[in-house]
Each structure stands twice: as C-alpha cells, then as structure tokens.
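Thanks for making the time this morning. I would like to walk through one model with you, going from its cores to its strands and then to a loop.

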Amino acid sequence: MIPRNEHPKPQFMRDTWMNLNGSWAFEIDQSRSGEYRGLHKADATLGREIIVPFCPESDLSGVGHKDFINGVWYQKKVTLTEAQCAGRVVLHFGAVDYEATVWVNGKKAGTHRGGFLSFKFDISAFVTPGE
C-alpha cells in the first residue's frame with residue numbers, strides 16, 4: 001500500500017507521473033558523515049527503512065525517532081520507462097525540514113534550503129530508461 005497515493009495537485013497530473021511515497025531505505029546520520037561514507041552513491045546500502053511521506057519523528061514512518069536528528073539519508077531505487085524519460089524528468093518535493101541535497105544515480109542534482117517550502121529539480125540529465 002502506498003500512503004497518500006493521490007496527486008497533490010490533480011490539475012497538474014500527467015500520464016507519466018509516478019508517486020514515490022511508500023517504503024524507502026533510510027539512515028540517521030548524527031555525525032553528518034554520510035557523504036564521506038559514500039551514502040550518496042547509487043550502490044550504497046542504508047541500514048533502515050522509512051515510510052514516506054511521514055517524517056522520522058512520526059510513528060507512521062515506522063521510525064518514530066523522538067530525539068533531535070542532525071541529518072538523514074533517504075534512498076529509493078526507481079526504474080523509468082522510455083515514455084517517462086521523454087522530455088523533462090522532474091523530482092518534486094512537497095517540503096523538507098530545512099535543507100536537502102539530492103543525489104540521482106550518484107550524481108548531485110542540487111541543494112535546497114528553506115524548510116517547509118516545496119521545490120523541484122529537473123533530473124533529466126541524470127536518468128535513462130530502464131535505470
């Protein structure tokens with residue numbers, strides 16, 4: 001089951017839209033050393049699981065971590081079709097809690113600062129069909 005599987009803005013929904021809510025690999029990074037440890041690489045293995053779109057502090061996320069968190073890593077493997085890769089491929093975030101650096105297939109797609117604001121990255125250059 002995918003939680004919150006509806007499109008957040010139905011008037012903008014496209015045939016190739018994909019909801020990425022659900023189970024993701026996850027790791028708390030209290031030392032903020034994840035990049036040094038290679039957690040941004042496509043073949044990295046994260047130690048836990050989280051249910052997106054819920055935050056790690058929420059029991060609904062399956063994590064329920066109630067203490068302060070310095071940083072976290074999320075990882076989701078997705079295979080795109082040729083139709084999904086035609087034109088622009090946009091990765092949209094409804095919001096993050098202050099700062100996010102997004103990596104796609106081990107390459108940095110961008111960084112966003114500003115909590116609770118939606119943002120998106122065009123990741124067309126980072127993806128190919130069947131990947």
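Let me begin with a term: by contact, or touching, I mean heavy atoms within 4.5 Å. What we are looking at is a predicted model, in which local features need pLDDT of at least 70 and side-chain atom pairs count only at pLDDT 80 or more, while totals for chains, interfaces and linings use all residues. Residues are numbered from 1 along each chain as its sequence is written, and side-chain values use heavy atoms, with hydrogens and water left out.

As for confidence, pLDDT is the predictor's own score for each residue, from 0 to 100, and the protein chain averages 92, with 100% of the residues at 70 or above.

Now to Val102, which touches Leu91, Phe93, Lys107, Lys108, Ala109, Gly110 and Phe121, leaving aside residues up to four places away in sequence. Val102 is also one of the residues that touch the most other members in the largest nonpolar core, which has 14 residues. A nonpolar core here is a set of buried Ala, Val, Leu, Ile, Met, Phe, Trp, Tyr and Cys residues joined through side-chain atoms within 4.5 Å, and buried means under 20% relative accessible area, exposed over 50%, and partly exposed in between, with a 1.4 Å probe and protein chains only. Strands E5 (99-104) and E7 (119-122) each give two or more residues to this core, and E5 supplies its largest share, three residues. A second, separate core holds seven residues, among them Phe26, Ile50, Val52 and Val63.

E3 pairs with strand E1 (residues 22-28) in the antiparallel sense over four bridges, pairing being counted when DSSP finds at least two bridges, and Gln75 in E3 stands opposite Ala25.

Finally, Ala95 lies in the loop between strand E4 (90-93) and E5. Is Ala95 buried or partly exposed? Ala95 is partly exposed, because its relative accessible area is 39%, and beyond residues up to four places away in sequence, Ala95 touches Phe116, Leu117 and Ser118.
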